[in-house]
Amino acid sequence: MTNNKTVIQWLDDMKALLTPDKMVWVDGSDEQREELRRIAVECGELVKLNEEKLPGCYLHRTKPNDVARVEDRTFICTSTREMAGPTNNWCDPAEMYKKLYDIARGSYKGRTMYVIPYSMGPIGSPLAKIGIEITDSVYVVLNMLIMTRVSPKVLEVLGDSNDWVRGLHSRCDIDPEKRYICHFPEDNTIISVNSGYGGNVLLGKKCFALRIASFQGWKEGWMAEHMLILGLQNPKGEIHYVAAAFPSACGKTNLAMLIPPEYLRKKGYKVWTVGDDIAWMRIGEDGRLYAINPENGFFGVAPGTNEHSNFNALESTKRNTIFTNVALDLNDNTVWWEGLNKNLPENALDWKGNPWDPAKFNKADKTTCAAHPNSRFTAPAENCPCISDEFNKGAGVPISAIIFGGRRAKCAPLVYQSRDWENGVFIGSAMASETTAAAAGAVGVVRRDPMAMLPFCGYHMGDYFRHWLDMGKKLGDKAPKIFNVNWFRTDDEGNFVWPGFGDNMRVLNWIIDRCEGKADATETAIGYVPKPEDIDLTDLDMDMATLKDILTVDKDVWTKEAAEIEEHYKKFGDHLPAELRAQLDTLKKNLG
Ligand code: GTP
Ligand code: SPV
Ligand code: MN
């Protein structure tokens, strides 16, 4: 497949370590994919679904102990602990290589070593990067075929270069005690052992496109971010692009594929999806910030996805999709999850493969759910009805606005705008959100998650903030405007106040109007908040008083918030940029 000496050498080393029975190059062809699907069904890794209703679709169940990313077992192995910073687990690279090689040694015995050459970003794009993942899991291969661009052309583009990311995945025994997801940013290497769950094993995604790439971006002057990218088309046919960073399971896929409310659709508003999870951004020749989506598919949260909440995501899953840890409806051999519809299947298997009794289902008790709360679909981007024309072009789209957001029951208003880039970086650095099922551990606990990158930044987050400030200086007056949103404010009964989903378009419109200097705002202690009358409530069952309520900046709540940010900042020591310290002081002063 290749004469690249660095590739050949690594594969030889890996073969000697892992001792597979045979090695297979993955070439991205339809014939090979069919053969791999057949193998996966035969060995029980996949269940073939109803070919009429869900052509080319399959179900996969992971081990019950292996259903989400494991942040406590994820390591950044840089030459010094300081480089990885206070928010990452760190281990000395030599020590970690030894430990991992001891775990992985001989683990491919009796198995096939699949070699996957893939491109993150359109093959050959100047913004794209190349990786090679080896794995002993057919499920991983079939997912990588959806999530990345796999082709022999990748190796042609690579040529003799050593600029590629090595990724070793071994299922081993799926032993949670020996599970490690490790990154060696100085060696462009990733090693993942003892897991079979998406975010831990699809190494092009979080491991490469965020942890390794954020480190590369820091060194090379670009940005790798946990952001969706969407294009917002107005009635004149102009498209403005925005990128938005929300923590895991906080609404990126939903916002990226939004369908505007009917009255706006009729006027000619439309949203185009460029990406739903990751953005790579570089300064273009005209000085603006350009973004590509390095992925080729969506690894989306299933529960809550339905034809009303996210029609386009649901459509994307109708063919050539792999479902992980959802329920199997035995009546017609299709899939089901909580929130898909109100027809609880009478004859179904839950995500563990056990018979499921709809009579015992209780929404509040996750252990009675048919689908795991972090069950997912892996769907090709080409299936998405609103995929952007720019998606396959390597040039990237110019970003007008960057949006931060998270789940905050109180505190953050529906939307506000930063005073400037530096203030926007402050807002991103201080972001917090209630935790979700996307990572193992407690759900619903507020934690600081700067730029939604806490689990994904491959170096010291203080240096990461500095990098953001530096990018802003380079962008100057061409920098995107920075905003913060919160769809998740709740009332006293704990219900979401803002309708969310398609209605978020009302907020996006204000954001674009602000970028164009068309909308007014009120300056508050934390930044610019819309005048209530500037958020269009047409056709919405919401009164002005309620809207005003979710736009308010409560001084007491924010004073407490400022104190928590102060605590949060202490972690970064002298890596915390002085500008951000000054921003916090300004916030405290503004709050009086
Ligand atoms: P990752 O793939 O983990 O990075 O997540 P994501 O940010 O893409 O999250 P996603 O869009 O899949 O949303 C996760 C959950 O948030 C789903 O259960 C959605 O139903 C819910 N959600 C998304 N948007 C909204 C919204 O505007 N309002 C409310 N209340 N819930 C939302
Ligand atoms: C996330 O957790 O942010 C995801 C899913 O997008 S995973 O690929 O598992 O990280
Ligand atoms: Mn994500």
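The second largest pocket of this predicted model holds about 500 Å³ of space. A pocket here is an open set of points on a 1 Å grid over the protein atoms alone, where a 1.4 Å probe fits, with protein on both sides within 12 Å along at least five of seven lines; its volume is the space filled by probe spheres set on the points. Local features need pLDDT of at least 70, side-chain atom pairs count only at pLDDT 80 or more, and totals for linings use all residues. Residues are numbered from 1 along each chain, ligands are numbered from 1 in the order in which they are written, and side-chain values use heavy atoms, without hydrogens or water.

**The second largest pocket**

- The lining (residues with an atom within 4 Å of a point) comprises 24 residues, and those closest to the centre are Gly-28, Arg-33, Leu-145, Ile-146 and Asn-296.
- Two or more lining residues come from each of α2 (30-42), α5 (138-147) and β8 (149-150); helices (H or I, at least four residues) and strands (E, at least two) are DSSP runs numbered from the N terminus.
- The lining divides into ten nonpolar, eight polar and six charged residues, where Asp, Glu, Lys and Arg count as charged, Ala, Val, Leu, Ile, Met, Phe, Trp, Tyr, Cys and Pro as nonpolar, and the others, Gly among them, as polar.

**Ligand 1**

- Around ligand 1 stand 21 residues, each with a heavy atom within 4 Å of the ligand; Ala-249, Lys-252, Thr-253, Asn-254 and Arg-376 are the closest.
- On its own, ligand 1 has 660 Å² of accessible area (Shrake-Rupley method, 1.4 Å probe), of which the protein covers 91%.
- Helix α9 supplies the largest share of this shell, three residues.

**Ligand 2**

- The residues surrounding ligand 2 include Arg-69, His-226, Asp-277 and Arg-376.
- An oxygen atom of ligand 2 lies 2.5 Å from a side-chain N or O atom of Ser-248, and a polar side-chain atom of Tyr-197 lies 2.8 Å from an oxygen atom of this ligand.
- The protein buries 98% of the 280 Å² that ligand 2 exposes when taken alone.
- By class, the shell around ligand 2 has four nonpolar, three polar and five charged residues.

Conventions
A polar contact is a pair of N or O atoms within 3.5 Å; within protein, one must be able to donate a hydrogen and the other to accept it, and residues adjacent in sequence count only if both atoms are side-chain atoms.
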